[in-house]
Structure formats: C-alpha cells, structure tokens
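The following exercises are to be worked with the sequence and the three-dimensional model at hand. Each task is followed by a solution in steps.

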Amino acid sequence: MRTSRRSLLTALLAGGLSPELMALGLPGFAADAPELAPLRGLSGEALDAADVAIEGRLPAGLSGRYFRNGPGLMQRAGKRYRHWFDGDGLLQAWTLQDGRASHRARFVQTEKFRAEQEAGRFLLPAFGTAIKAERPVRGPDSVNVANTSVLLQGNSLYALWEGGSAYELDPATLATRGVKAWSDELRGMPFSAHPKVEPDGTVWNFGSANGRLAVYQIGADGQVRRHAVLDVQAPAMLHDFAVSQRHLVFLLAPITMDWAAVRAGQSTLEAMRWGASQPTRVLVIDKGDFSKHRVFEMPAAHVFHFGNAWDDGRLLRVDYVQGVPLPEFNAAAEQMMRGERPTRADATPRVLEIDLQTGRLSVTARSEAVEFPVVDPRVVAHRHRFVWYPTSVDTGGRWGFNGLMRLDIESGARERFSFGNDVVVEEHVMVPKPGNTKEGEGWLVGMGYDVKRRRSFLSVFDALHLAGGPLTRAWLPYAVPYGFHGKFYPT
C-alpha cells in the first residue's frame, strides 16, 4: 500500500491546484444585521488579553489550553472575499488555570498571508473568490489559508485546512514554524481539518483531490504508521468523516467539478456542481486493511460534520448533521459576507445505521437546527450516548445559533439552553472532568459573541446540565471573528 511521494502527489494533485474596529463600516458590508459584525474581520493584527474578566467562577478541575481556528482576515485594499471559507487563519489560544483566564490570537503566517500582508492586497485565488494570481501557484500550499481546525501533538500545534498541508505553530506563543511534512514521501499532501483522535492517541485522517482519497494512520507519537491513496471517485468537496472500532466512514456527496468553469474564471467553489438526482455514496473502509472497502448508496445528502461512529461487527451507526444542498449553502455564505441575513437554511441531526451483512441502510432524522457536533473525547470510535451541538432556539430571522443542545441518541431525549437573541453561540467542545470515567461527566467549553456589548466571550457549562446555564463566562475586551473549530487540551 506504500508508494513514492512523487506518485502520491501525482495521483492526488494532477489537474488541479476591538469592538471599535469591528464596528467600522466597510465597503460591501451591510449594517442591518449586527450579529454578523464579527465577519468584518481583522487586518492582520495580534490580539492579547492577559487577565480576562470572569463572570462566575471557573471550575477547580478545569485547567488547560483551548485552541480555536477560523477565518480572520476578509478584506484587503477595498476588495472583500465572497465566501466565509476564504479568510486567512486566525489561531486563538485560551489558557485556563487557577481560576483565571487569558487569551491571545495570532494569524497563521502562511506563505500566502505573508506575501499579501507585505503587498497590502490579494495576490492569489481563494477557494470561493475568483482572484487573478499575481504569484506562481505551484500547488495547494501556495493558496493554503490554514483556517479551519487544530491538532496538538507533543510540543507541536497544527493549524489545519483540508486542501493542503498542516501548518506547525509553537503552542506557547502561536508563532508559526512552517509547513508540516509527516514524512518525506508525504510532503505537500492534503491533510484534512478533521482528524479523529482515539482515546489511545491514535490519529486517523484523510486528504482528497481529483477523485482520489489519501488515508492516514498516525501514532500518538506523531509518526505515520500507514497511509494509502484510494481511487474512489471522491467528490470535489469532502470535509469530514467518522471512525468506528473497525471502520473509516465517508459520505461522498454528489459534488463534481466543472473544469470548463474554472478555466473561464470561476472560483473552485463556484465551479462545483450539485447532482441532486444522484446518490450520496457511503464509503466504508476497513481500518485494518485500507484496500478493503465497500460502497453503499443513499439519497443525495450534503454533510459537513460528523459526531461519532461505532460498530459491533455487523451494525455500523454513524451520527452526523445534514445540511442544505451545496448551492443553497454557498448562496447563504455569500450573503453573510456582505453583512446580509441569509435565507434560513437549517442543518439537522441524523443517525445512519448500516447492516453490513445485508447492506440495508436506515436513517433517523430530527428537526432541531444544529451544527458542529461533538462527543466526549473518551468515546471517539466507540459506542456513545451523547452528542452536543450549538442550536437555534426561536431565533426568527436572525442569523446564527443562540443556544446549546445535548442529545441522547439512545433515548432521543434532549436538553437545551438558550442565551436569547442577543448572543451568537459558536462550537463548544466537551472536556472530561479529571478522575471521572463516566461519559459526559465534565464541561462544555466554547465561545460566543454578545451583539449588544460587541464583545466575544468564553463560556463554560456543566455538560450534563446545560439547562442550568453557564457556570462561567470569561469576557474579552474585544470582539473576535467567528471561528470554525477548536480543541481543549488539559494540563
């Protein structure tokens, strides 16, 4: 299953490539949706808050670092990105210790970011914005924005973007060290933004390009154990996957690339086509032997994020969030980047069950508006009971989530909390309580934005008692652009 770096790259890449500041008016950005103000972005500056104001008390056992990543710079020289996915990566670090909290944020110093920061304008095409290249595009890392998620291994923090390499940073200072190569033969290979980390530290991940899928197994020590490239007709966009005891699970949506549209000047995202009448293919790969895989079919479904998966050898269960078809999502994202409230298009929870013996598939659907599902990190790739999500509770036409939800996928019971419509809630992660082994015993930690105060905050909840409201809120003296994903690492 091992091949040379040159053949791997050829196979994959052939054919493609302070509140005051946030309140400033910007060309092309509306002012009638105040919850969208953080999407105005920053200008490349660093942010620091050494001693953050605490409302309530941080739990005594909650000590560690919470890293978050997301698009932070949206505009240069009067030109604004059209899509949320395009912004340069802003890496945030919260440090929680002895009842105190501090915050810092730094832009990932990618090759693209450094060149454009020096020039003061956009120089390279973006995923969702067609920009004429003024610098050579030698491969995905020429346009890598490192803006989606994070992974910490030892003394290395990685900023992740699904289209290219991970960028390595110093976890203490957030200084960028450079592009990460997991091995010489994997240098420059796409490394997805959603690696799955099992309780023993084993990391599973993938990368995709031009119909091919690279899969990786990496040890807790950061060494690559196995890798392979599979020709599975992967879709033009593949964001996340799930891992069970025995399998890697991908939902391959009917998304194809119109290369004629790319040659005519459209962005990569604009040139993607949604095949509404085509099936979503369910790819199940044997963790023990990547060459063994099966494909099932289900109606067309667009999925960004998975919660978890587990199997007993015969039944395979996968929970995920199903969104609207890609064209509708992209239209909403473009409205958001103009500061306009998009047409309501909710994503909702699903549980897929596959009988691996008979090939029968069944899907259980729910109606709550959610995204960014997370599970207790101690149950990744094992049978689980709970999934946590940001959720919308009676938000009307306003954009964004305003609450949190815990779903019991065994009983169907749910628990919710809403901040009301003056708060936008972002992804929260589950942090186990030290010394406790019961699933869900711990805290939910994440960020939010107060529309009236125009400030961002960190919130901490009892993960099994959301309805009681936050135990703590740590208030920043500034607003931070909305991020995508984060991870908490205890100390």
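**Exercise 1. The nonpolar cores**

Determine how many residues the largest nonpolar core has and which residues have the most contacts inside it.

Step 1. A nonpolar core is a set of buried Ala, Val, Leu, Ile, Met, Phe, Trp, Tyr and Cys residues joined through side-chain atoms within 4.5 Å. Buried means under 20% relative accessible area, exposed over 50%, and partly exposed in between, with a 1.4 Å probe and protein chains only.

Step 2. The largest core has 56 residues, and those with the most contacts inside it are L62, Y66, W84, W94, V445, L458 and L476. Its largest share, four residues, comes from strand 30 (residues 442-450). Helices (H or I, at least four residues) and strands (E, at least two) are DSSP runs, numbered from the N terminus.

Step 3. The model is predicted: local features need pLDDT of at least 70 and side-chain atom pairs count only at pLDDT 80 or more, while totals for chains, interfaces and linings use all residues. Residues are numbered from 1 along each chain as its sequence is written, and side-chain values use heavy atoms, with hydrogens and water left out.

**Exercise 2. Strand 20 and its partners**

Is strand 20 (residues 280-286) largely enclosed or largely open? Which strands pair with strand 20?

Step 1. Six of its seven residues are buried, and strand 20 is therefore largely enclosed by the rest of the structure.

Step 2. Two strands pair if DSSP finds at least two bridges between them. Strand 17 (residues 247-252) runs antiparallel to strand 20 and is joined to it by six bridges; here F250 stands opposite L283.

Step 3. Strand 21 (residues 293-298) also pairs with strand 20 in the antiparallel sense, over six bridges. V282 has F296 of strand 21 as its bridge partner. Six residues lie between strands 20 and 21, which form a hairpin.

**Exercise 3. A pocket and a cavity**

State the volume and the lining of the second largest pocket, then those of the largest cavity.

Step 1. On a 1 Å grid over the protein atoms alone, a cavity is a set of points where a 1.4 Å probe fits but cannot get out; a pocket is an open set with protein on both sides within 12 Å along at least five of seven lines, and lining residues have an atom within 4 Å of a point. Grid points are joined across faces, edges and corners, and a volume is the space filled by probe spheres set on the points.

Step 2. The second largest pocket holds about 990 Å³. Its lining has 44 residues, with V197, P377, V380, K487 and F488 nearest the centre. Strand 33 (485-490) contributes the largest share, six residues.

Step 3. The largest cavity holds about 70 Å³. M237, L238, H239, D240, L251, A253, I255, H302, V303 and F304 form its lining, to which strand 22 gives the most, three residues.
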